[in-house]
Amino acid sequence: IASIQALRHGVADRRTVARYWKLVWPQPVLRDDLIWIGALSAGGHGRFWIRDVQGKDIAISSHRFRWALEYGVDSLLGNEAIRHNCDEAACQQIGHLVAGSVQQNTQEFFARRDIPGSPLRDTRGPQGRAIALRNALIQGEDITQVARAGEPPMDRYQATLFD
């Protein structure tokens, strides 16, 4: 409940919202992803600090903040997870986010983790991939090359069936 109250306060505060947007890369990259360039969790998700009405700082997932900005805080109630249908943990693109359950998230992971070229197969792990993408954007490197650098060798040389 405390985090919901803090989230309500955060999405209503224009300075907090402006700070959020400063941590999202302004141009879509890769598959139309909007990449988080701030702090990252071990799972590669953006970490965003919001302050509740008592002045206490609370860390939340940045994509949950993005969801609340778009659909309202109440839309998070009853939804355990905000999933990424692009499988890019640091993505903030609202069209790539889907509300649901932890079970759905787990099922999707197992269904897509073996697809060649999937971000879920990155050899650096989700945090390593997110850090590499964030750093590439900030340093002006070729984001596509950095993304492909984490592909398993088999994926790099796997011929595509369709273009």
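Does threonine 16 count as buried or exposed, and at what relative accessibility? Threonine 16 counts as buried because its relative accessibility is 9%, where buried means under 20% relative accessible area, exposed over 50%, and partly exposed in between (1.4 Å probe, protein chains only). The structure is a predicted model, in which local features need pLDDT of at least 70 and side-chain atom pairs count only at pLDDT 80 or more, while totals for chains, interfaces and linings use all residues. Residues are numbered from 1 along each chain as its sequence is written, and side-chain values use heavy atoms, with hydrogens and water left out.

The protein chain has seven helices and four strands; helices (H or I, at least four residues) and strands (E, at least two) are DSSP runs, numbered from the N terminus. From the N terminus on, the order of these elements is α-α-β-β-α-β-β-α-α-α-α.

Threonine 16 belongs to helix H2, which covers residues 14–22. Apart from neighbours within four places in sequence, threonine 16 is in contact (heavy atoms within 4.5 Å) with Gly10, Phe48, Ile50 and Phe65. Within H2, the residues Thr16, Val17 and Tyr20 are buried. Viewed down the axis of H2, the buried residues fall within an arc of 100 degrees, so they line one face of the helix; the arc is that of the directions from the helix axis to the C-beta atoms. An α-helix has 3.6 residues a turn, so residues three or four places apart point the same way. Arg14, Arg15 and Lys22, on the other side of H2, are exposed.

Next, the cysteines. A search of the whole structure for disulfides, that is, pairs of cysteine sulfur atoms within 2.5 Å, finds zero. The sulfur of cysteine 86 has its closest cysteine sulfur in cysteine 91, at 3.8 Å, which is too far for a bond. Cysteine 86 is buried, with a relative accessible area of 10%, and cysteine 91 also counts as buried, at 0% relative accessibility.

Finally, the chain as a whole. For 163 residues, a compact globule would have a radius of gyration near 15 Å, and the 16 Å of the protein chain agrees with this; the radius is taken over C-alpha atoms, and the globule rule is 2.2 Å times the number of residues to the power 0.38. The C-alpha trace spans about 55 × 35 × 25 Å along its principal axes. Of the 163 residues, 43% count as buried. Among contacts between residues at least 6 apart in sequence, 54% join residues at least 24 apart.
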